[in-house]
Amino acid sequence: MVKGYVPYKAGTVTYRATLTQTDPETKKESTVSGTSDVTYAYENPLTEVTAVQDKVSMENFTEQPLELTFKGEKSDAGWSVTYPDLKWTFDKKGIVKIYKKEPILWKKGTEWEGAPDFNSVVTNDQYYVKALKEGTVVATGTPLDNTNSAAPIQITIEVAGGETPQINIDELVQKGLLGAKAHLQAISPEQNYECIEHDWIVYDLLRAGIAIPEEKQTQYYDSVVKTVKGWKANKKPTEIERVALVLSVMNKDITDVGGVNLAEMIYNHPNLNSGSNETAWALLALDAKKTPIPSDAKWNREQIISALLTFQNPDNGGFGLTDNKTAGVDTTAMALQALAPYRQTNEAAKNAIDAGLAYLKSAMSDSYDMGTAESTSQLLLTLIALQIDPLNSDFGTSYSNSITGLMDYYCDTTGATGFCHDKTNKKRNDMASVQAFQALSAYVHYKNGGKFYWDLSDDTKEVTAATVMQAIDQLPELNELTLEDEATVQAIENLYQQLSEEERQKVTNLDVLENARKRIEALKDLGDQKGTVSLTIMDGIQADTQALSATEDPATVRGTILDVQVPIYAQDSMMSIIQRACEENEIDISLRFQGTYIERIDGLSEFDRGSGSGWKGTLDGVFPNKSFAQCTVQNGEVKDHSVITVEYTENLGEDLEANAELKTLGLQGGNLKETFERDRYDYTLLTNQDEISFTPEFFNRYSVASIEADGVAYGVSQQIPVEVGTQIQLVSEKNVRGTDRRTYTFLVEAQGEEKPGEQEKPDTPEKPGESEKPGESEKPGESEKPDDQQTSVTLLSNKEYGISLKGEGLTDDMELSVKPIKNDHEDVALMKKELPTNKSLFCLYEVKLLKNGKEIRLPKKATLSVSVGKEYEGKEMTLLHCVNGKVESLKGTVKDKVLSVEINSLGSIGVITDVARTQNGNKKTTSGNKKTTVGNGNTKKSPGATAAGSGNATSAGKSVKTGDELPLGITLLMLLVSAGALGTVGYKKRKERK
């Protein structure tokens, strides 16, 4: 047989081999043995380690690599130093920690080719330093390879400034509790609990307020009775004490367990002083329910304390397991927990506790953990037992403490959550999860003002219906409940179970408790909390006493229905957030199509205001092109601080998205000389009357009108006195999803004999690109001409983005289309390749020339002008123009804040600047008669177009039937909310409900 040996470090070891053999003839056995000395040496032993910098400055809470150089005997030949490990010591503790992220390194890659140990696994020599608090510290690294007696290195590290990390401790605690609980329940999924095997699981769950079915508790108790009846007086004390604690949390009498008195077995035990654990757990078990000890007992409490103190090491303050020569973290922590109730009454106990705390502090790492999950759990339990705040003391801060240290042992492999014993082996460990659950549960009790974890004394009075009802009334509001409240809900449920049947009938608010339980269970399904979002649901808004609606009596418009902050969870979607918020605020909501479409909110349903009405919404100001149910936390679309709006539309969303332009004037008492149309704002008003009035109709339901004539303000539909020369201003303004203001001016002239230029037709509003039909409004001879006879114009402009095109061949039936493009656009990527160093791009647009809605080529060479701002006035700038994958540079000088260049074709453009721009750098105008837009600049599509699968932009409001299908307008509306969008509201109002 050949045995192999793996050396861990250099040195000499003596191997002894022994062989027993039998003589085949005499059958006598004989033994043959031999020894061999083997010396192991490092392939490339360390000769020198140096620090590139002997002084390092860094900000607090940051991390950076240490630049160290390791040299060995064969380093010049390309070998890595075999054992480059250093032992780090510090002249001041707690300022920095130095560590490796990875213990080994696979030496592969082109940078290592040619090395004699290429493609080998070697010891990693990269150390990192992390700043823990401000101060200056001298760190000494002593080589562990003593082959060549390499000298230590010293580095002075100065830590200053830095931003304090924000750690959500409650979130960490909840995550740890849920993970450990899942592990505990996985150990015995059917909850067939047995004495000894499942003692701690039963204790932990019940102490945390988690219900175990009564029949399962009975089964466990029966197994205890059966087990303890076989115990002798000298049974191991810690097993008796553990079972006594479990029975105490079950409210069982430990002095009569099937006729066996466990308390007596403890205080009369012949070997109670055999170890520190035996005495510590004796105190915990007897003190849990304040069990009395008779005067003739072998051990009273003072004697047990004295026996426990004999195990304290006089040199370091720690407690040993079986003597006072050694010391351990776990045994010390358990001793201090047992002594905690006596700190104020027993001087010896107080002194022992102080010395024990000093020992624990010295054993604690810079990150406040104790080397294993179990030891770190015991530290946390001890701090809580002694009422020491783990987040604000010598044992931790708000961002680094024994809780964050314990969570470093949390593991989640393929959904199997729990805690591991040590960080090097991320494998769930039963005892690690048991003790982590105990420690985190104890922290929750401590934070909520409850008793210490091992204190099970019952100070409550007899439970009555009034007691339960009062406890229920003190629960948080349903929408404010979190998983942290599960223990409270469970405790109230336990109280309710203690009531007699008669008393239960008197509990009139039981439905609140039942809803709280449903909420807790729902939150479990939703996963960890990921933040909070703003949610607004509204049907128009209230402007003074005027409710904004194009079709409804103002009295029926609801205004802001709900305006709340809503917690979000890992499994949430935009739709689940909306539904949960409505239900928690007792607002009626109805969904259809497997929860992907909002049919009704607060009694307001689809089609209540016509075939184009229904619910629509936005996420962070962007119109989702898919179902709300598909916008999720997991895919990153819904996140902390997101803004969700849900809103009722009366016209397939057009009334929510349009700018402040007027649809009709509602002019009474006069006519316009010019044709009323979009993008025209100056008119001549012809009248022979003394008074006129305006009752305008808006494209956007949020627009409001103000009217002023010769400096005097008038209301909508109010009679305005006029005469020749009167100047009237009608202002339309909207402040939802951005601000837009349109000012229309009218100069009054006397009505002549000629036919007026426009008889307003409220039911047939003009749209961009639509020309008047001959005979409707134009003067004789001005009917539409063929395309080739159109009056030539020299300038087309897009006021929305401040871009214009000037040149021959442009006609008034053409449209200059401008759409912002983002940094991830393929044309932008091509333009960036042409950028000089330290330059950036802004004014990123896709520019097209349209005719009858279709893209056409530029007829002739033209001048393209782009508004860039006054800061570039007089400067020469370069415009990059990308078309068909090719980029050209065009130069021009900025005049009147506009850059103009000669161009032969249109496409994607961007302007080069020295100034770093955020996002696209695209500018939009926000005042006067210039258009404004919100959102991400994408081409507007009618509601539901993408969700319907066409992917094509279609005009909102048009209805097309195909065969037996529903009208397209209705079909779009059915997809409206699931694929709709609503801009971000810039203000909030409290809930207004009828």
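The paragraphs below lead through a pair of helices and several salt bridges in this structure. The model is predicted, so that local features need pLDDT of at least 70 and side-chain atom pairs count only at pLDDT 80 or more, while totals for chains, interfaces and linings use all residues. Residues are numbered from 1 along each chain as its sequence is written, and side-chain values use heavy atoms, with hydrogens and water left out.

Helix α1 (residues 169-187) packs with helix α2 (residues 199-207) at an angle of about 135 degrees, their axes being 10 Å apart; helices here are DSSP runs of H or I with at least four residues, strands are runs of E with at least two, and both are numbered from the N terminus. The axes are lines fitted to C-alpha atoms over the stretch in contact, and angles run from 0 to 180 degrees between N-to-C directions.

Side chains of opposite charge can pair when their charged atoms come close. A salt bridge is a side-chain nitrogen of Lys or Arg within 4 Å of a carboxyl oxygen of Asp or Glu, and a search of the whole structure finds 45 of them. One of these joins D539 and R609 at 2.7 Å, N to O. Because D539 lies in strand β16 (residues 529-539) and R609 in the loop between β22 (604-605) and β23 (614-619), the pair ties together parts that are 70 residues apart in sequence. Both D539 and R609 are buried, where buried means under 20% relative accessible area, exposed over 50%, and partly exposed in between (1.4 Å probe, protein chains only).

Another salt bridge links K235 and E239 at 3.2 Å, N to O, and K235, at 25% relative accessibility, counts as partly exposed.
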